[in-house]
Amino acid sequence: MASISMLDPSAGVSMEQEDSNTCTRDAMREALVCAQEVTSKLTTAIDANGKMAKQVYTSRGNATLIITQAFEQLHQTIEERKNTLLSEMEAISISKTTALTLQKEQLMKMQDEIGRYTEMTSHILQTHTDHEMAALGNQLATELKATLKKVENVSLTPNQSSDIDVSLLHIDSLINQLSIFGDVMDSASPSQSAWSSESVAKVKERYCVKVENMTSKGERYPYGGLQLRAELSHDGAAVPGEVEDHGDGTYTITLTPQTAGPHQLLITMDGQHVQNSPCDLDAGSKYSTLCNPEQVIKCSGSPCGIAIHDSGDIYVACWDDDDCIRVFDQAGQHKRTIGSVWSGDGQLYGPWGLFIKGDVMYVADFCNNRIQKLTTGGQFLQKFGQYGSGQGQFQFPVSVIVDQRDRLIVSDSLNHRVVILDQAGTWLLTINGNVPDSHRFHKPYGVVLDPQGNIHVAARGSNTIKVFTPEGTYVRSYGDVKGPSGIVIDEEGYSLVTDCSSDCLSIFDSQGNKDYMNQTHGKSLNIQNITVLRMNLKGLDEESRDYLSLYLLLLSGNKSAKFKFSILNNKKEERKAMESQRAYRFVQGKDWGFKKFI
């Protein structure tokens, strides 16, 4: 038993001692409050444990009743089947006996008739004269022959076999089946049941989750029929999941995120959360997993523009000693070279932008300050433009495209304008000189059309993307990009912009918002140094098995850098962060990170 000694209250106490005593009392009060809270939780847990023990006892009784009733019913069924088989056997026995009795009576009757005729014939032979015998003998002989004829037409062997066949009593098979008849196992435990997914959540795309039922012992629960519910919530809006029960203890849940950003995934089984539910899940655009190139085409010189023919051939405008257009097949094999360096028809001097429509190729001939039309086979068709700043003149055109009206749209970079021409090269419209200063742009490089036909201009000198109607009216600006150069837009309106100053690719949705996954990770996808995040949910070794381990793995390039991992809440506020204390040298295949992140 612990003893507590009380201090003499009359003893003198210094101010420092009083402060120390006050701190001690406060600490003891705080400890007492914590103890009371823990005691309350323990009491609740003990009560829950007791209730669960009662429920187990009740379940034991129910299971006993179910098993007993099942085997009583099985015994009753077996007894009924035995009686049925015995009845069928008795009926067959009676039928056979009856048939044999009838046959026997028929044979005995014939035997009696033959005996009677034999006795009469013997008597006549002994007692009658020849004259008397002649009259009676013919009649008796005829009747005897008739009786003997009947005997010839009757089977003299028993008309029934003695066997009563008993079949399908596969007792060994039945015993084997009865030995495994029924099963008693632990029920499915939501806290042990796990979910997994092989896909990445993307906006407007099906995201599939597989759930596997497990018992509290960690064993597979091979039956379906449980009530699974799943939903994906974002900013208070929940998207329900479609649940498919495979009947073997596995389920497939399909969800479709409607917006990009952080979501919460909730999966319950019979009203209880499965393992790791709820959990945070990020939904990004279809470009969120863009990391490794599917194919690399080796092209000598400095590739600038690229266009793809309907056949699949790839045309690349190259700045090098040849200043030409190189053509590759879909496998990346070089097929031919178009053009040579200088300023003649079909010759090129710093080719940049390319655009192919049908079998016609449009080339922004940068250093020749002109646009050339060639066949995709390389035959010269037409040219227009010369150095200058007036109509019909260019100062280093970078890009050329053709719109739905068959108009040519050219980015005239050092004239800080976009010009629109017809197919004959006639000047139709200038964009930039006719808009307010706040909407003007500098050094336009890439130009592209969105699904609505609007013109998007990657203004390298303005660090932004400007949007104009087909008539040149300013619509809006988007993107804070350092040195935007190339730009493409897909059928859903997503813009992919090359950021030359940062050596990365920026992605924007149709409203001009930066793609969520790139935005929240702090920067756009790095093209020169591609990294991926490697997670180990249960650590790397015994020491870290209760931790989440996070590492960055460099897939290409090399660089030295400090790194930082953060956890953000749904307001993108930082709640947990770990940062390297120094810069680490990243080389291809080498990862750096934290073994015990959280």
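The count of salt bridges comes to 9, where a salt bridge is a side-chain nitrogen of Lys or Arg within 4 Å of a carboxyl oxygen of Asp or Glu. Side chains of opposite charge can pair when their charged atoms come close. The model is predicted: local features need pLDDT of at least 70, side-chain atom pairs count only at pLDDT 80 or more, and totals for chains, interfaces and linings use all residues. Residues are numbered from 1 along each chain as its sequence is written, and side-chain values use heavy atoms, with hydrogens and water left out.

One of the pairs is Lys 383 with Asp 345, whose closest N and O atoms are 2.8 Å apart. This pair links distant parts of the chain, 38 residues apart. Lys 383 sits in strand E17 (residues 380–384), and Asp 345 in the loop between strand E13 (334–338) and strand E14 (351–357). Strands here are DSSP runs (E, at least two residues), helices are runs of H or I with at least four, and both are numbered from the N terminus. Lys 383 is partly exposed, with a relative accessible area of 40%. Asp 345 is also partly exposed, at 44%. The cut-offs are these: buried means under 20% relative accessible area, exposed over 50%, and partly exposed in between (1.4 Å probe, protein chains only).

Another pair joins Arg 417 and Asp 412, with the closest N and O atoms 2.8 Å apart. Here both Arg 417 and Asp 412 are buried. Glu 231 and Arg 229 also meet in a salt bridge, at 3.2 Å from N to O.

Asp 323 is another matter. It lies in the loop between strand E11 (314–319) and strand E12 (324–328). Asp 323 is buried yet has no salt bridge. The nearest side chain of opposite charge, Arg 326, is 8.5 Å away; Lys and Arg count as positive, Asp and Glu as negative, and His and the chain ends are not counted. The side chain of Asp 323 does reach the backbone nitrogen of Gly 350, at 3.3 Å.

Now to the strands. The chain has 4 helices and 38 strands. Which strand is largely enclosed by the rest of the structure? It is strand E6 (residues 250–255), because 6 of its 6 residues are buried. Thr 250, Thr 252 and Thr 254 point one way from E6, while Tyr 251, Ile 253 and Leu 255 point the other way.

E6 has antiparallel partners. Strand E2 (residues 207–212) is joined to E6 by 6 bridges, and strands pair if DSSP finds at least two bridges between them. Lys 210 stands opposite Thr 252 in E6. E5 is joined to E6 by 4 bridges. There, Thr 252 is the bridge partner of Glu 244. E5 and E6 form a hairpin with 4 residues between them, and Gly 247 in the turn has a positive phi of about 80°. Glu 244 is partly exposed, at 45% relative accessibility.

Strand E22 (residues 417–421) is joined to E23 by 4 bridges. Within that pairing, Ile 420 stands opposite Leu 429.

Methods. Polar contact = N/O pair within 3.5 Å; in protein donor to acceptor, adjacent residues only side chain to side chain.
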